[in-house]
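Q: I am new to this structure and would like to learn how to read it step by step. Could we begin with what counts as a contact and go on from there?

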Amino acid sequence: MSDALHWQSRDAVLHLNGKLDHETLQPLWTARDSAAQGISIIDVSGLSRVDSAGLALLVHLQDAATRQGSSVSFVGISDKLQSLITLYNLQQIIVSSVESC
């Protein structure tokens with residue numbers, strides 16, 4: 001299934017791919033603390049869809065990393081995701097960093 005949610009942590013970056021919505025997020029929700037361990041960037045460029053439940057999980061991932069002592073920023077935020085972030089007034093929480101690649 002190409003729309004399934006996949007994630008991989010590599011070099012302090014958590015890469016998310018697929019759909020991040022209420023139908024696909026349960027496995028990542030369950031693994032959120034371990035997925036957030038040691039990350040400083042969450043790369044959302046591979047996400048094809050994010051709904052409000054997915055947005056909430058992004059906030060929880062950032063919080064889990066912060067509780068573990070990391071400062072987290074996001075890369076690859078699409079225009080649609082940015083609109084959702086703005087709609088929920090989360091611009092101060094989900095902060096985009098400039099990609100250096």
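A: Contact here means that heavy atoms lie within 4.5 Å. Please keep in mind throughout that this is a predicted model.

Q: With that cut-off, which residues is lysine 19 in contact with, leaving aside its neighbours within four places in sequence?

A: Lysine 19, which has its place in strand β2, is in contact with Asp3, Ala4, Leu5, Thr24, Ser48 and Arg49 once the neighbours within four places in sequence are left aside.

Q: Is lysine 19 buried or exposed?

A: A residue is called buried when its relative accessible area is under 20%, and exposed when that value is over 50%. Lysine 19 has a relative accessible area of 18%, and therefore it is buried.

Q: How does one check the span of helix α3?

A: The expected span is 1.5 Å times one less than the number of residues. The 16 residues of helix α3 (residues 52-67) should therefore span 22 Å, and the end C-alpha atoms are 23 Å apart, which agrees.

Q: What is found at the N-terminal end of α3, and what follows the helix?

A: The N-terminal end of α3 is capped by aspartate 51, which has a side-chain oxygen 3.1 Å from the backbone nitrogen of alanine 53. After α3 comes glycine 69, whose phi is positive, near 95°.

Q: Which residues of α3 are buried, and what covers them?

A: The buried residues of α3 are Gly54, Leu55, Leu57, Leu58, Leu61, Gln62, Ala64 and Ala65. What covers the buried residues of α3 includes β2 (13-20), α1 (26-30), α2 (32-35), β3 (41-50), β4 (73-75) and α4 (79-87).

Q: How do the axes of α3 and α4 cross, and which residues meet?

A: The axes of α3 and α4 come within 11 Å and cross at roughly 80°, which means that α3 is roughly perpendicular to α4. Ser52, Leu55 and Leu58 in α3 meet Leu81, Leu84 and Ile85 in α4. By class, this contact of α3 with α4 has five nonpolar residues, one polar residue and no charged residues.

Notes: Residues are numbered from 1 along each chain as its sequence is written. This is a predicted model: local features need pLDDT of at least 70, side-chain atom pairs count only at pLDDT 80 or more; totals for chains, interfaces and linings use all residues. Side-chain values use heavy atoms; hydrogens and water are left out. Helices (H or I, at least four residues) and strands (E, at least two) are DSSP runs, numbered from the N terminus. Buried means under 20% relative accessible area, exposed over 50%, partly exposed in between (1.4 Å probe, protein chains only). A polar contact is a pair of N or O atoms within 3.5 Å; within protein, one must be able to donate a hydrogen and the other to accept it, and residues adjacent in sequence count only if both atoms are side-chain atoms. Axes are lines fitted to C-alpha atoms, for helices over the stretch in contact, and angles run from 0 to 180 degrees between N-to-C directions. Angles under 35 degrees count as roughly parallel, over 145 as roughly antiparallel, 65 to 115 as roughly perpendicular and the rest as oblique. Ala, Val, Leu, Ile, Met, Phe, Trp, Tyr, Cys and Pro count as nonpolar, Asp, Glu, Lys and Arg as charged, and the others, Gly among them, as polar.
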